[in-house]
Amino acid sequence: MLLEEPNYKIVDSYLFRVRRGHDSIEQQSNSLEAQLSVLYYFEKAFNLLVKKTNETSETKKLEKYLLFRVFNQKYIVLSKIGTFKERLKFVRKLNGFKYFNCLSIKDFTSVNLGLCLMLFFKKGYSFLVLKKYDYRDY
């Protein structure tokens with residue numbers, strides 16, 4: 001949809017609600033492969049938006065929200081990878097520098113610190129995931 005340059009608007013009201021329980025598809029598709037698929041989806045959406053951006057406040061907000069989703073998903077994927085060697089292999093493929101132009105120096109440093117902590121200790125959520133970009137209202 002982003003390639004077709006749709007008209008969209010971010011609204012502050014609920015359009016629908018999602019029920020999540022122990023029998024939901026989301027809970028059943030918690031494998032590493034499924035989580036990688038979600039990560040690639042958000043990365044692709046982000047990359048498409050950056051290419052098509054006409055720099056409105058709405059697109060910048062959407063861009064930051066997609067960054068939040070990308071980094072949150074990277075945390076989920078890294079937490080599912082067992083060994084240090086496998087995590088290192090995955091982190092090498094991440095190419096974190098492609099987000100450099102979209103993040104402030106502080107946020108870029110935080111994300112990379114979070115990746116290092118995840119790599120060595122499987123900790124670092126508060127550094128890796130940019131919660132301030134989560135614009136969802138609960």
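Leaving aside neighbours within four places in sequence, Val-70 is in contact with Leu-39, Phe-42, Glu-43 and Tyr-99, where contact means heavy atoms within 4.5 Å. The model is a predicted one, in which local features need pLDDT of at least 70 and side-chain atom pairs count only at pLDDT 80 or more, while totals for chains, interfaces and linings use all residues. Residues are numbered from 1 along each chain as its sequence is written, and side-chain values use heavy atoms, with hydrogens and water left out.

Val-70 lies in helix α3, and with a relative accessibility of 0% this residue counts as buried; buried means under 20% relative accessible area, exposed means over 50%, and partly exposed lies in between, with a 1.4 Å probe and protein chains only. One of the contact partners of Val-70 is Glu-43, and although the two residues are 27 residues apart in sequence, their C-alpha atoms are 6.1 Å apart in space.

The surroundings of this pair can be read from the overall fold. The chain has six helices and zero strands, and along the sequence these follow the pattern α-α-α-α-α-α; helices (H or I, at least four residues) and strands (E, at least two) are DSSP runs, numbered from the N terminus. Of the contacts in the chain with a separation of 6 or more, 69% are accounted for by residues 24 or more positions apart. Of the 138 residues in the chain, 34% are buried.

The buried residues of α2 are Gln-35, Leu-36, Leu-39, Phe-42, Glu-43, Ala-45, Phe-46 and Leu-49, and they pack against α3 (57-80) and α4 (84-94).

The structure holds four salt bridges, each defined as a side-chain nitrogen of Lys or Arg within 4 Å of a carboxyl oxygen of Asp or Glu. In one of them the side chains of Glu-43 and Lys-74 meet at 3.6 Å, N to O. Because Glu-43 lies in helix α2 and Lys-74 in helix α3, this pair ties together parts that are 31 residues apart in sequence. Glu-43 counts as buried at 10% relative accessibility, and Lys-74 is also buried, with a relative accessible area of 1%.

Another salt bridge joins the side chains of Lys-60 and Glu-63 at 3.2 Å, N to O, and here both residues lie in helix α3, three residues apart, about one turn of the helix. Lys-60 is partly exposed at 30% relative accessibility, whereas Glu-63, at 4%, counts as buried. A further salt bridge is formed by the side chains of Asp-134 and Lys-131, at 3.9 Å, N to O; Asp-134 counts as buried at 14% relative accessibility, whereas Lys-131 is partly exposed at 48%.

Helix α3 also holds Asn-72, which is buried with a relative accessible area of 16%. Not counting residues up to four places away in sequence, Asn-72 touches Tyr-125 and Val-129.

The cysteines named here can be treated briefly: the structure holds zero disulfides, a disulfide being a pair of cysteine sulfur atoms within 2.5 Å. Cys-102 counts as buried at 17% relative accessibility, whereas Cys-116 counts as partly exposed at 41%.

Val-11, Leu-15 and Phe-16 make a nonpolar surface patch of about 360 Å². Patches are made of residues with over 30% relative accessible area and no salt bridge, with like charges joined within 9 Å and nonpolar side chains (Val, Leu, Ile, Met, Phe, Trp, Tyr) within 5 Å. Val-11 lies in the segment before α1 (25-28) and is partly exposed, with a relative accessible area of 41%.

How values were computed
Accessible areas come from the Shrake-Rupley method with a 1.4 Å probe; for residues, only the protein chains shown count as cover.
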